[in-house]
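Dear colleague,

I am handing over the structure below, together with notes on the strands and on one helix. Please read the notes alongside the coordinates.

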Amino acid sequence: MVREVVIIGSGPAGYTAALYTARANLAPKVYAGSLSGGQLMLTTDVENYPGFPEGIMGPDLMESFRKQAERFGAEVVNDDVTEVDLSGEPFVVKTARETVETRALIISTGAKARMLGIESEERLLGHGVSTCATCDGYFFRGEEIAIVGGGDSAMEEATFLTKFANKVTVIHRRDSLRASKIMQQRAVDNPKIEFRWNSVVEEVLEDGDGKVRGIQVRNVENDEKSEIALKGLFIAVGHTPNTQIFEGQVELHDNGYMKTFEGSRTSVEGVFACGDVQDFTYRQAVTAAGSGCMAALDAERWLAH
Ligand code: NAP
């Protein structure tokens, strides 16, 4: 049996594509991955998803997305896709358990925020450690916080975070920034932003209630260690799109993100991409969901022709 639509990925983009294609009677199969639900599974309160005036927990929101897609007949399995063959139609999608053929493919495999690689940062993610200033800045009104990174994201987010926090310390591993001059200048000119150069975060310190109380920082030039008391640590050291299994088959940008043309079309006809796997600009749940809807409509139209 050749399926009409297969969707790979289960964040807001994938589930929205599933909902729309299911309601269009295309009986989509969704490979949600063993860690289904995407990046929102790693957050606590989501306060900027429209429709939830009191906010909602990230995992609860994703559970609702999934149920809504399943209600209309989307078949969701928690398997990881290990391989695809997009060289001819139908496309072939493989997991450890099965191989399926499909006429249209929607890729919504998302991106991963790069982390520092220390145990305490993983443990306190969502409890004071965050990878999303837009999402979580509001929780740190009147507090002291820090942000790691020296790129445009770190500068933009540091500047944004001063709307809420009393003080933002930028911790950067070198003594010069990678960010564009204009973004650097904006951050340097901001009286609420302080820089710690040549420094790395070695440990996120926890209070008795499982929340962040500070960080231990090491100066990489003289090995001196110091502690900074703060309530929040933002990590802005870049993202990695989950495009590895598509390399060589679908056109990617130099930064590894998937190229889309005219809505959600990729360089392969019949293959569509939505959400963070193709978006390095907005990266919001609501924009991902919107692009998932676009991919579903694009796939539906393409199948109809
Ligand atoms: P990025 O440019 O790759 O910068 C990552 C930063 O994190 C670098 O300063 C890097 O240090 C640091 N870093 C990486 N790994 C680290 C580690 N393990 N520990 C400590 N520091 C680490 O990423 P980005 O800032 O997310 O930007 C991604 C792309 O989006 C860029 O092309 C950027 O221009 C663009 N962007 C544009 C805007 C805008 O124009 N409004 C806003 C955001 C992003 P080093 O410098 O030492 O390598």
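The notes begin with conventions and then turn to the strands.

This is a predicted model, in which local features need pLDDT of at least 70 and side-chain atom pairs count only at pLDDT 80 or more, while totals for chains, interfaces and linings use all residues. Residues are numbered from 1 along each chain as its sequence is written, and side-chain values use heavy atoms, with hydrogens and water left out.

Helices (H or I, at least four residues) and strands (E, at least two) are DSSP runs, numbered from the N terminus, and two strands pair if DSSP finds at least two bridges between them. An open sheet is formed by 5 strands with parallel pairing, in the order E10-E17-E11-E12-E13; its edge strands, E10 (129-130) and E13 (193-196), each pair on one side only. Helix H5 (residues 152-161) packs on this sheet and touches E11 (144-148), E12 (167-171), E13 and E17, its direction making about 170° with that of E11; contact means heavy atoms within 4.5 Å, and axes are lines fitted to C-alpha atoms, for helices over the stretch in contact, with angles from 0 to 180 degrees between N-to-C directions. E10 is joined to E17 (residues 232-235) by 2 bridges, and serine 130 has phenylalanine 234 as its bridge partner in E17.

Elsewhere, strand E7 (residues 91-95) has 4 of its 5 residues buried (under 20% relative accessible area, with a 1.4 Å probe and protein chains only). E7 runs antiparallel to E6 (residues 81-85), with 4 bridges, and a hairpin joins E6 to E7 through 5 residues.

Best regards

Key:
Buried means under 20% relative accessible area, exposed over 50%, partly exposed in between (1.4 Å probe, protein chains only).
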